[in-house]
Amino acid sequence: MKTDKVQSIIKKWNGDPNYAIEMLQDIQSEFRYIPKEVIEEISESTGIPRTQLYYLATFYKAFSLKPRGEHEIQVCTGTTCYVKGAFRILESLQRKCGLSDGETTDDLQYTLKYVRCLGCCSLAPVISLDDAIIGKAKSSTIEGLLARKVGEVDTK
Amino acid sequence: MTKITITDLKQISERNKSTSEKFKASLLVCAGTGCVANKAFIIRDALEKELKEKNLESDYRVIATGCNGFCAQGPLMLVSPEGTLYLNLKLDDVSTIVDEHLINGKPVQDLMYISPVDETRTPKMKDIQFFKQQQLIILRNRGAIDPEQIDDYIGRGGYQALAHALSEMKPNEILNEVKTSGIRGRGGGGFPTGIKWESCISSAKKTDVAPYLVCNADEGDPGAFMDRSIIEADPHSVIEGMAIGAYAIGAKEGFVYIRKEYPLALERLRKAIQQARDYGLLGQKIFDTDFSFDINIHQGAGAFVSGESSALMTAMEGKVGEPHSKYIHTVESGYKGLPTVLNNVETWANIPVIIEKGGKWFSKIGSGDVSESPWKGSSGTKVFSLVGDIANTGLVEVPMGITLEEIVNKIGGGVPEGRQCKAVQTGGPSGGCIPADLLNLPVDFDTLTQAGSMMGSGGLIVMDDSRCMVDVAKYFIDFLVEESCGKCTPCREGLVIIKTILARVTNGLGEPSDLEMLSDISETIKNASLCDLGGSAPNPALSTLKYFKDEYKAHIIDKKCPAGVCKALIQYTISKENCNGCGVCPKHCPEDAISGEKKELHTIDQSKCVKCGICREVCKFDAVEVE
C-alpha cells in the first residue's frame with residue numbers, strides 16, 4: 001500500500017530531482033512523517049542520494065522523521081503574535097498538554113508546535129488547529145476554544 | 001480553449017464591463033486570509049442565499065475578492081460602484097443589509113466605520129482615513145476583482161501592457177522604461193531592477209544561453225503578508241509582469257517560488273497560470289509573435305534563509321536552500337548555473353504599470369531624484385503590512401518617502417488603549433527598531449538603512465510602551481539562531497553568543513561588560529558572514545543597543561525590566577485598591593497560586609507563581625499589577 005502511494009507521488013513530480021522538496025512535502029502530508037523506508041524508495045527510484053533526502057528532511061521544520069499527530073495545533077510566534085503575547089499562549093498550552101515543541105500525544109492524535117507567521121497578523125495572536133485559524137487568542141480562553149474546535153473536527 | 005488575440009483582449013474587457021453594468025451593484029466580500037479566518041466565506045454564502053430567496057440575483061452579484069487591506073475591521077463588504085463599506089460583519093447582518101440597503105435603499109449606519117476622532121460614521125470607503133492617504137499601484141485591483149477570473153483582470157485593463165510590449169516595443173525599449181522608472185527591488189535589498197536585468201542580459205549574451213526568470217514569493221519574514229496578499233488578490237498582475245520581464249531579458253522559462261504554507265495563494269496562482277495558458281498568454285507564440293514563455297511553480301518549504309537569492313535557487317534544484325558566497329552573482333550563475341533574474345512578487349506586479357504609464361511617470365512618484373541614477377532615490381510606492389500595537393492593522397500602499405509618523409498615526413490611527421508608541425520595527429527579523437522620536441523619518445531604502453534598520457520586504461510592527469526592547473532583541477535573535485543555515489561560522493556561532501548574552505540580561509544576570517561584548521560580536525558577524533542574511537542578522541541587537549541603551553542598563557545594573565516583561569525581573573501582585581474579590585483570577589490560575597475568599601482581597605503566592613500573566617488578562621478591574 002505504502003509503495004503504491006510513494007510511487008504515485010514520485011510519478012506526480014516525474015521523479016525529477018529538482019522537485020525533491022515537493023515530493024517530501026507530499027510524503028509528509030500523506031504519512032504525517034517521512035518514514036525511513038520511503039527515503040530509501042525515493043532514492044532508488046529517482047537517484048537522489050539518501051544523504052540529500054535526509055538533509056532536506058531534517059533542515060526544514062515542515063518535515064518530521066517521527067510520526068506527527070492526526071491534528072496539528074500550531075501557535076504562531078511571528079513578530080506580531082510575539083508582541084501580542086504568543087509565548088504566553090504557547091506556554092499555557094504546553095503546560096496543559098504536557099508537550100514540548102513539536103511533540104505528539106501518545107495516542108498520535110495531537111501535535112503541538114510553534115510556527116513563524118501564519119500570515120494573519122491583523123488577528124494576532126493566532127493559533128491554528130489543522131486548517132482552522134483562531135484569531136485574537138487568549139491564554140485564559142484558548143482551552144475552551146480548542147475543545148470546541150476539536151469537537152467540530154471530530155464530527156466531520 | 002483557443003488563444004486570444006489583442007483585439008479579443010478589448011472585447012473581453014468590454015464584455016466584462018457590460019456584464020457588471022447589468023447589475024445594480026456588485027457586493028465585494030473580502031476573502032483575504034484574515035477575513036476568511038473571520039468567516040468571510042460563510043458570510044458570502046449567506047449573502048448569496050439571501051439574494052436568491054428574495055429574487056435579487058439578477059440585480060446584485062456577490063464576488064469574493066482578495067485582501068482589501070483593512071484587516072482590523074474584517075470581515076468586510078464593499079458595495080460597488082457606489083462605495084459603501086461595511087465592517088465587522090456577522091452572519092445576522094446579511095439580511096439587514098439586503099433588506100435595508102438593497103431593498104429599501106437605506107445604507108445601514110450601524111455597520112459603517114466609526115471615526116475615532118469624532119465618533120461619526122463614514123459611509124464611503126474612499127473617505128476613511130485609512131484609505132485616503134494610500135496610493136494604489138501594486139494593489140490597483142485589490143478588493144475590486146475576483147482573483148480567480150482572468151476576465152475580471154482583463155476588464156480592468158489587464159494584459160494590455162503585455163500586448164503593447166509584444167506588439168510595439170523591442171526588448172531593449174522595455175529595459176529602458178524599467179531603468180527610467182528607477183524601480184528598486186521590493187524584496188528588501190533595494191537593488192535597482194533595471195541594472196539587474198541589464199547585467200543578466202549581458203551575461204546571457206556572453207554565454208549565448210536563455211536566462212531564467214524567477215519570482216520570489218517565499219515571504220519568510222514573520223509579520224509580513226504583502227506578497228501573499230498580492231497573489232491572493234491579483235495573481236495575474238504578477239504573471240503579466242513576469243511575461244513582460246521575460247520578453248525584455250529573453251527568458252523562455254520562469255518560476256514562482258512560493259511557500260507551501262500559503263495554500264490559498266498557491267491555489268489562486270495555479271488557477272491563474274492555467275487560465276493564462278488557456279488564453280495563450282503563456283506558452284508558445286504569445287499574441288502570435290515569436291515570443292514564447294511559460295511559468296512553473298516551485299513549492300518552498302518554510303525556511304527564512306531560503307528567501308535569499310542564491311539559497312532560493314539551490315532549493316529550486318531540490319537541494320537544501322543554503323546560500324552561496326556573495327561574489328557569485330545569480331544574474332551570472334543562478335538557477336542550474338545559468339544567468340537568472342530574481343525579483344520579488346511586488347516588483348513584478350509593478351512592471352505592467354511601468355510599461356502602461358511609462359518609466360518617467362513612475363519615477364516621479366516617491367522620494368529623491370532617480371533621473372540620473374536609481375541609487376539617488378526610491379521611486380514608486382511600497383506595500384507595508386502595518387501590524388502590532390496599532391488601531392488600524394492591515395495592508396497599506398503608500399508612496400515612498402512618506403514619514404513613519406504619517407503611516408502610524410494617520411493611516412494606522414495611532415496606538416490604541418491610551419498607550420504611547422515606543423518603537424516601530426521594520427525590515428523583518430534582521431531589520432531594526434526605530435524609536436518613536438525618529439518617526440518623522442521618511443520611509444525609503446536609504447534613510448531606513450542609515451537609521452540602522454532596513455526597508456526589508458515591508459513589515460511595519462508598531463510597539464507600545466509595554467514592550468521590552470531587550471526582550472524584542474532576544475526574540476529576533478532566537479529566531480535567527482533557529483533559521484541560520486549554519487554554513488558559515490560568524491553567523492552560526494556569533495548569533496548563539498548574542499543569544500546567550502541576551503538571555504543572561506533578560507534573566508537579570510547581565511554584567512556591564514556584556515554591552516561591549518554585544519557590539520563587538522555584532523560587528524564581526526556583520527562583516528564576516530557569507531550572505532546578506534548573516535550580514536544583517538545582528539541588526540536587532542545593534543539597533544536596540546543604539547536607541548534603547550537605558551533599557552539594557554536597567555536590566556543589567558538595576559536588575560529591573562522597566563516595561564514589566566522579563567519574567568525573572570518582575571512579579572505580579574494584586575492591588576488592594578482595585579481588587580474587589582470577584583474570584584475570577586483564582587479560578588483561571590493554572591498553578592493555584594492565588595488565594596482569597598469571595599469579596600475579599602486576593603493574594604498571589606510568589607513561590608507558586610509561574611508569571612504566565614493569565615490573572616492580569618482575566619482581571620476586569622486592573623487589579624493585577626506588575627512590579
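Reader: Hi! I'm new to this one. Which domains is chain B divided into?

Author: Welcome! The model is a predicted one. Chain B is divided into domain 1 (23–127), domain 2 (150–378), domain 3 (380–467), domain 4 (470–556) and domain 5 (571–626).

Reader: Let's take domains 2 and 3 of chain B. How far apart do their C-alpha centres lie?

Author: The C-alpha centres of domain 2 and domain 3 of chain B lie 26 Å apart. Their contact takes 21 residues from domain 2 of chain B and 24 residues from domain 3 of chain B.

Reader: And what area do domain 2 and domain 3 of chain B bury between them?

Author: They bury about 1800 Å² between them, with 60% of that on carbon and sulfur atoms. On the domain 2 side, B:R186, B:M226 and B:S378 supply 28% of the area buried against domain 3 of chain B, more than any other three residues.

Reader: How many salt bridges are found across the interface of domain 2 and domain 3 of chain B?

Author: The rule finds two salt bridges across that interface of domain 2 and domain 3 of chain B. Elsewhere in the listing of pairs, the side chains of B:E346 and B:K382 meet in a salt bridge, at 2.8 Å from N to O. Across the interface of domain 2 and domain 3 of chain B there are also seven residue pairs in polar contact.

Reader: Which elements of chain B each supply at least two residues of the domain 2 side?

Author: Those are α10 (226–233) and β11 (366–368) of chain B, on the side of domain 2 that touches domain 3 of chain B. The residues of that side divide into eight nonpolar, nine polar and four charged.

Reader: Changing topic: where is B:N141 found?

Author: B:N141 is found in the loop between α5 (129–132) and α6 (150–155) of chain B.

Reader: Is B:N141 buried or exposed?

Author: B:N141 is buried, because its relative accessible area is 3%, and the cut-off for buried is under 20%.

Reader: Which residues does B:N141 touch?

Author: Leaving aside residues up to four places away in sequence, B:N141 touches B:Y153, B:R156 and B:D234. With B:R156 there is a polar contact between the two side chains, at 2.9 Å.

Reader: Nice. Now the two chains: how many residues does the contact take from chain A and from chain B?

Author: The contact takes 42 residues from chain A and 60 residues from chain B. The area buried between chain A and chain B is about 4000 Å², and carbon and sulfur atoms give 53% of it.

Reader: What about polar contacts, how many residue pairs are there between chain A and chain B?

Author: The count between chain A and chain B is 21 residue pairs in polar contact. On the chain A side, α2 (20–31), α4 (50–59), α5 (79–83) and α6 (86–97) each supply at least two residues that touch chain B. By class, that side of chain A has 20 nonpolar, 13 polar and nine charged residues.

Reader: And how many salt bridges are found across the interface of chain A and chain B?

Author: The rule finds four across the interface of chain A and chain B. A salt bridge links A:K84 and B:D389, with the closest N and O atoms 3.6 Å apart. A:K84 and B:D389 are also linked with B:D464 and B:R467 in a network of salt bridges.

Reader: With which residue does A:E91 form a salt bridge?

Author: A:E91 forms one with B:K567, and the closest N and O atoms are 2.4 Å apart. A:E91 lies in helix α6 of chain A and B:K567 in the loop between α23 (549–556) and β18 (572–574) of chain B, so this pair joins two chains. A:E91 is partly exposed at 29% relative accessible area, and B:K567 is partly exposed at 30%.

Reader: What about B:E482, which side chain does it meet in a salt bridge?

Author: The side chain of B:E482 meets that of A:R116, at 3.4 Å from N to O. This pair crosses between chains, from helix α18 (residues 469–483) of chain B to the loop between β2 (110–115) and β3 (127–129) of chain A. B:E482 is partly exposed at 39% relative accessible area, whereas A:R116 counts as buried at 13%.

How values were computed:
Residues are numbered from 1 along each chain as its sequence is written. Chains are lettered from A and ligands numbered from 1 in the order in which they are written. This is a predicted model: local features need pLDDT of at least 70, side-chain atom pairs count only at pLDDT 80 or more; totals for chains, interfaces and linings use all residues. Side-chain values use heavy atoms; hydrogens and water are left out. Domain bounds come from an automatic or database domain assignment. Contact means heavy atoms within 4.5 Å. Buried area is the accessible area (1.4 Å probe) that two parts lose on being put together, summed over both. A polar contact is a pair of N or O atoms within 3.5 Å; within protein, one must be able to donate a hydrogen and the other to accept it, and residues adjacent in sequence count only if both atoms are side-chain atoms. Helices (H or I, at least four residues) and strands (E, at least two) are DSSP runs, numbered from the N terminus. Ala, Val, Leu, Ile, Met, Phe, Trp, Tyr, Cys and Pro count as nonpolar, Asp, Glu, Lys and Arg as charged, and the others, Gly among them, as polar. Buried means under 20% relative accessible area, exposed over 50%, partly exposed in between (1.4 Å probe, protein chains only).
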